[in-house]
Amino acid sequence: MWFFYTLIPCLLIDGVAILPAPQNLSVQSTNMKHLLTWSPVTVPGEIIYYFVEYQGEYESLYMSHIWIPSSWCSPTKGPECDITDDITATVPYNLRVRATQGSETSAWSTLKPPFNRNSTILTPPGMDVTKDGFHLVIKLEDLGSQFEFLVAYWRREPGAKEHVKVVRSRGIPVHLETMEPGAAYCVKVQTFVKAIGRHSPFSQAECVKVQGETLPLALALFGFVGFMLILVVVPLSIWKMGRLLRHSCCPVVVLPDTLKINNSPQKLISCRREEVEACATAMLSSEEPFRTWI
């Protein structure tokens, strides 16, 4: 009799067909992405739908143990459900799944034990370390708004000091340090999620080296000197050209020294008056003996 019932795909209880309940519920959680999975219920020639519900600490304590349908999985066809948007607090969550096919419904299967997002597995982000000229640049994978990244970098040499920088920008190149020619620099990174207060392990260190690029440095030096020469020569040339054009178009006429008037006209008039008076006095003095003789 037991063997007979194990071959029946569904049972009848109170006149309602009951599907087998989903089994083997588990949550795979990595970097705050939570995926609920279960073993599929199979009925030959039929499509099975699943409904997923959750119950957090608030619903359990303050809302009379109500269950809330999952945002994306009520219903769903596949034997998995992304519950990331449903898990919004760092508390235990009860999760349950049931199968339906037409009017047939299975019993609920509940996840044991409840899921807490602080159990998520944290991994370092993808990292791209490059050099832009003499600048050490890093670009990190975008894992979401909840993530911060602790970037450690150092010059590869004995006794080098390790620097740590917190990076919040995601998917955007970040400048870490200006490198010296001929030196190698290494970088490693770990993720940090403030909501659960946990870090991932550090990634493997990646290193880049700046070659002794003396030619570009010399070119930059010559360019600077040339720029300074341009700043001096160009204004001087413009000034010289202006003077040349002014003398060519409007030449200055130079008077002979005999025609030059060194004093002002008023002074000249005054000098002429003094000379006339002196001349008149001299003439009067010369006429005085002549009158006495007569």
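Biologist: What should I know before I start, say about numbering and the kind of model?
Modeller: It's a predicted model, with residues numbered from 1 along each chain as its sequence is written. Local features need pLDDT of at least 70, side-chain atom pairs count only at pLDDT 80 or more, totals for chains, interfaces and linings use all residues, and side-chain values use heavy atoms, with hydrogens and water left out.

Biologist: OK, how many helices and strands does the protein have?
Modeller: Four helices and 18 strands. Those are DSSP runs numbered from the N terminus: helices are H or I with at least four residues, strands are E with at least two.

Biologist: And how much of it counts as buried?
Modeller: 28% of the 294 residues. Buried means under 20% relative accessible area, exposed is over 50%, and partly exposed is in between, using a 1.4 Å probe and protein chains only.

Biologist: Let's look at β3. Which strand is it joined to?
Modeller: β4: six bridges join β3 (residues 23-30) to β4 (residues 33-39), and the two run antiparallel. Two strands pair if DSSP finds at least two bridges between them. In that pair, S26 stands opposite T37.

Biologist: What about the turn, what does N31 do there?
Modeller: The hairpin has two residues between the strands, and N31 takes a positive phi near 50 degrees.

Biologist: What else is β4 joined to?
Modeller: Strand β7 (residues 80-82), through three bridges, again antiparallel. There, L35 stands opposite D82.

Biologist: Switching topic: what's the strand order in the open sheet of three strands?
Modeller: The order is β11-β12-β15, with antiparallel pairing. β11 (127-132) and β15 (174-178) are the edge strands, each pairing on one side only.

Biologist: How many bridges join β12 to β15?
Modeller: Four, with β12 covering residues 135-140. I138 stands opposite V174 there.

Biologist: What holds strands of a sheet together in general?
Modeller: They pair through backbone hydrogen bonds, either parallel or antiparallel.

Biologist: Last one, V208. Where is it?
Modeller: V208 sits in strand β18 (residues 206-209).

Biologist: Why does V208 count as buried?
Modeller: Because its relative accessibility is 15%.

Biologist: Which residues does V208 touch?
Modeller: Leaving out residues up to four places away in sequence, V208 touches V129, L136, M179, A183, A184 and Y185. Contact means heavy atoms within 4.5 Å.

Biologist: And what separates V208 from R155?
Modeller: Their C-alpha atoms are 9.8 Å apart, while along the chain the two are 53 residues apart.
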